[in-house]
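This briefing goes through selected features of the structure shown below, grouped by topic. Please read it alongside the sequence and the coordinates.

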Amino acid sequence: MRLKKVLALGLVGAMAISMAACGKTSSSTDNGGSGNAGTSNETVSLRVWGGEEDQNLLKELVEKFKTTYPDQKFNIEIGVESESTAKDTVLTDVEAAADVFAFASDQIVDLNNAKALANIEDMDAALQNYAKKSVADIKAANGDGSVEAASIDGKLMAFPMTGGNGYFLYYDSSVISEEDAATWDTLLAAADKAGKKVGMTLASGWYDASFFYGAGFTTGLNDDGTTAIDFNGTSKDGYTGVQVTQSMLNIASNKAFMAIADGDISNQIAGGTLAAVVSGTWDAENAQKVFGNGYAAAKLPTYTLDGKQVQQGSVSGYKFLGVNAYSKNVGWATVLAEFLTNEESQATRFEQRQLAPTNKKVAASDEVSKNVAIAASAAQDAYGVIQTVSAKYWDPAKTFGEMIAQGSISATDEKAIQDALDTMVEGAKAAVE
Amino acid sequence: MANNKKTPSKAIGRFFKGIGGFFAEFGTAVSKGDIFTKLSLIWMGAGYARHKQFIKAAIMTVLEAAVILFSILFASQYVPKFGTLGTVQAEMIFDPVTMKNIMNDYDNSFKILLYSLICFVVWIAFFFVWIKNTINSYKIQVKADKGEHINTFIEDIRMYKDEKFHITLLTLPVLGIVIFTVIPILLLILVAFTNYDQNHMPPSSLFSWVGLSNFVKLFGGGGMTSTFGYSFVRILGWTLLWAFFATFTTYIGGILLSLLINNKRTKLPKLWRTLFVVTIAVPQFVSLLLVRNFFANGGIVNTFCKAIGLTGWLRDIGLISTSYIPFLSAPGWAHVMIILINIWIGVPYQMLIATGVLMNLPADQIESARIDGARPRQIFAKITMPYMLFITGPTLITDFVKNINNFNVIYLLTEGVYTTTNQALANSQAKEVDLLVTWLFRLTQDYYNYKMASAIGIVVFIICAVFTLVAFNKMIKGDREETFQ
């Protein structure tokens with residue numbers, strides 16, 4: 001009898017503990033930046049988050065950082081957090097997030113809304129003292145586009161790290177000539193002749209806006225954080241949103257065009273049915289493998305809009321290093337972030353990872369300009385815009401692109417197109433909540 | 001079983017009577033108690049100390065002191081701000097000398113909400129201990145007056161090993177449920193009445209109480225551009241439809257499959273059973289993601305259908321307008337596919353349950369039915385199915401509720417593949433194939449819209465709770481057990 005009771009008690013205890021285990025999923029990671037370090041004789045604890053592929057590089061650069069400041073003791077931890085998901089993890093618990101983290105440029109609006117980013121301009125004194133640079137120096141050293149994208153209301157909120165995170169055209173030059181790749185019409189015709197396809201993602205607010213940007217439409221942020229968007233009206237170049245949509249529908253309905261689901265581009269390139277594809281530097285290796293000797297890249301083609309040829313726009317993408325506003329050692333975190341994105345570090349990053357630098361000097365070097373993908377990306381950046389939109393923009397824009405991809409609206413039905421544009425704009429403009 | 005036959009209204013009546021009795025006892029204790037019992041209202045150890053139960057007195061005193069200290073040191077930081085959820089915004093100034101940010105003493109709305117809630121739970125628990133304590137000291141006083149034996153501490157402890165063993169047993173699980181289930185649920189309920197969203201995210205921003213406005217919005221009374229109400233109705237419809245089909249297709253499928261495998265004419269029943277169980281052995285993550293890729297727009301199945309001309313034929317008869325079969329990417333198609341795929345992964349579980357039940361079928365009944373000339377179909381309809389339903393009824397209900405919240409199947413099959421072309425749904429971040437729970441997940445994960453997610457969560461909870469209560473009551477009512485004896 002007694003044994004049974006002991007057993008029952010044990011089981012019940014185990015149950016309670018297992019319940020505890022279930023409930024504990026969100027246990028926050030230890031806040032590394034604890035303790036009250038700061039004066040030079042105390043150890044400064046910092047945590048850095050970067051992509052998985054960047055870990056070795058980060059390790060090397062952090063060691064270099066430590067030797068640059070031999071008077072200061074550091075305890076720097078490097079963690080894995082993809083640039084594409086950094087925002088989600090950081091915003092889940094800002095106070096427990098890393099002191100320095102890498103993120104893609106489209107996340108800067110949300111991160112800034114949550115005031116998770118330290119204002120770099122406020123750190124000017126720290127940078128001048130330790131990095132021997134002012135914020136103005138940093139702004140001058142990096143490309144204008146990257147600095148603009150990393151700034152909000154003219155204030156630098158993160159350090160530009162890599163560029164070339166936008167999209168452009170890869171093509172197989174054994175099928176498509178350089179002249180063919182200049183316009184969508186000739187591009188599709190050439191691909192069709194070879195029995196191949198031209199792929200692009202339409203169901204994504206990041207890709208489908210490129211046609212609108214090319215025609216002079218704009219997006220931006222209002223003071224209340226909502227998206228300002230004019231796709232349903234008339235652009236400054238005098239085109240209407242309906243005309244742009246008709247052009248897109250004409251391209252999408254061409255039988256040599258292949259609408260690719262968002263995130264499926266790499267798979268489709270590997271599939272081998274494509275003669276050309278709109279993608280970014282992350283697919284360079286992939287495209288090189290499939291296209292072989294024909295591997296080529298160029299700016300995006302022009303497209304026919306209202307009888308004229310209009311250069312397709314794009315979204316310029318960058319990757320930044322942000323400093324956590326709630327970092328316990330925000331000054332040293334800023335100095336570290338600056339170090340990881342300075343000229344030498346960007347050169348090392350290009351050597352090891354083939355990532356386009358934002359630093360003007362590194363970008364001008366011979367090795368960088370010889371890189372086919374980076375060169376095409378830079379050529380397209382001339383027509384690229386910096387896309388600052390609220391979170392409400394993405395789903396309506398994605399659905400709009402999918403409607404074009406599936407051809408669920410007709411190019412001749414102008415009223416239906418106008419209605420679809422109005423609904424999308426209304427959704428994108430909705431109050432952020 | 002006798003207790004279970006009581007109707008719910010009587011059960012609720014008894015519950016309130018119990019609470020009433022508890023407070024009545026407290027009233028008697030206070031009015032009729034001696035000075036020490038009355039003193040134990042202030043010093044909880046007083047009654048015990050008077051009757052020489054010093055260890056108990058010490059424990060109660062320490063407990064009381066601990067709660068008072070907790071209230072002064074911890075609760076006072078948060079509970080007074082509970083009404084506003086904080087008023088001081090975070091501000092920081094960088095100090096170049098220390099290389100650190102100087103922060104003001106800012107309020108964190110979420111911490112205020114969470115810690116206040118914990119304080120309330122502690123206080124409520126303490127309140128009941130306090131009342132019980134007064135009643136106990138009165139009881140001891142009565143015993144002492146009558147000259148009865150008063151337990152020593154050791155004897156009290158021994159009681160928890162014997163007569164009161166159920167209390168000892170239940171303490172840990174109850175604590176576990178309160179900490180890991182009740183507090184999170186209460187927190188979720190509270191968040192539904194605040195404006196905790198992307199614009200009001202702690203620690204940088206504060207959020208505050210907004211009353212019922214989230215629910216008004218959810219049911220269609222929201223702002224001009226909000227299509228939440230529209231999406232909610234559609235998603236709720238599909239959620240219920242899905243739960244119904246997912247539950248019944250796998251249930252019937254499982255029974256039929258196990259009948260088939262258990263049939264005397266089936267060769268190698270163990271082999272077949274094992275083959276089906278293998279589906280369970282592979283984690284759903286793996287199998288569902290694989291299946292998703294098979295049926296993707298450019299997946300293997302589509303390539304195959306194109307090669308054999310099925311795609312072209314479907315396009316000719318006007319069933320599809322795309323150059324691929326939108327198995328998982330168009331409404332209608334995706335809905336049917338999801339239910340079919342769910343049959344494939346759900347049937348083996350039901351088959352195992354059904355096999356167990358079928359092995360225990362009353363053989364004598366079947367035997368006599370057969371002698372009376374019943375056909376196999378009649379036996380199935382009149383004996384097997386009613387018996388199955390009786391035994392597995394409760395699991396059927398829990399399966400239905402589980403399917404309402406079946407996150408895995410829907411999310412893994414459609415995320416990244418399905419893009420809605422319904423703009424009204426897109427404007428509130430929903431898709432035709434979303435269940436309430438996957439919609440809720442995306443709202444919190446991608447849009448930080450915690451307030452709406454909580455409101456939806458409450459609605460899901462109410463739906464599940466009402467359904468379960470009604471269904472269980474219907475099932476348990478009557479003496480159906482006897483019909484199978």
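A:L169 stands opposite A:V278 in β12(A). The model is predicted, so local features need pLDDT of at least 70 and side-chain atom pairs count only at pLDDT 80 or more, whereas totals for chains, interfaces and linings use all residues. Residues are numbered from 1 along each chain as its sequence is written, chains are lettered from A and ligands numbered from 1 in the order in which they are written, and side-chain values use heavy atoms, with hydrogens and water left out.

**Sheet of chain A**

- Strand β7 (residues 168–172) and strand β12 (residues 274–279) of chain A pair in the antiparallel sense over four bridges; strands are DSSP runs of E with at least two residues, helices are runs of H or I with at least four, and both are numbered from the N terminus.
- These strands belong to an open sheet of five strands in chain A, ordered β11-β8-β12-β7-β13 with mixed pairing, where two strands pair if DSSP finds at least two bridges between them.
- β11 (257–259) and β13 (295–298) of chain A stand at the edges with a single partner strand each, so one side of each is left without a neighbour in the sheet.
- From one strand to the next the twist averages 20°, with angles running from 0 to 180 degrees between N-to-C directions and axes being lines fitted to C-alpha atoms, for helices over the stretch in contact.
- Helix α8 (residues 184–193) of chain A packs on the sheet, touching β7, β8 (197–200), β11 and β12 of chain A, and its direction makes about 130° with that of β8(A); contact means heavy atoms within 4.5 Å.

**Helix pairs**

- In chain A, the axes of helix α18 (residues 394–406) and helix α19 (residues 414–429) come within 8 Å and cross at roughly 160°.
- That crossing makes α18(A) roughly antiparallel to α19(A), given that angles under 35 degrees count as roughly parallel, over 145 as roughly antiparallel, 65 to 115 as roughly perpendicular and the rest as oblique.
- The contact is made by A:P396, A:A397, A:F400 and A:M403 of α18(A) together with A:A420, A:L421, A:M424, A:G427 and A:A428 of α19(A).
- Those residues divide into eight nonpolar, one polar and no charged, where Ala, Val, Leu, Ile, Met, Phe, Trp, Tyr, Cys and Pro count as nonpolar, Asp, Glu, Lys and Arg as charged, and the others, Gly among them, as polar.
- In chain B, the axes of helix α6 (residues 153–161) and helix α7 (residues 165–191) come within 5 Å and cross at roughly 75°, which makes α6(B) roughly perpendicular to α7(B).
- B:M159, B:Y160 and B:K161 of α6(B) meet B:F165, B:I167 and B:T168 of α7(B), and the residues of this contact divide into four nonpolar, one polar and one charged.

**Two serines of chain B**

- B:S40 lies in the loop between α2 (35–39) and α3 (46–50) of chain B and counts as buried at 0% relative accessibility; buried means under 20% relative accessible area, exposed over 50% and partly exposed in between, with a 1.4 Å probe and protein chains only.
- Not counting residues up to four places away in sequence, B:S40 touches B:A46, B:G47, B:W130, B:N133, B:T134 and B:S137.
- B:S287 has its place in helix α11 (residues 284–294) of chain B and is buried, with a relative accessible area of 7%.

**Chain A overall**

- Chain A has 19 helices and 18 strands, and 56% of its 433 residues count as buried.
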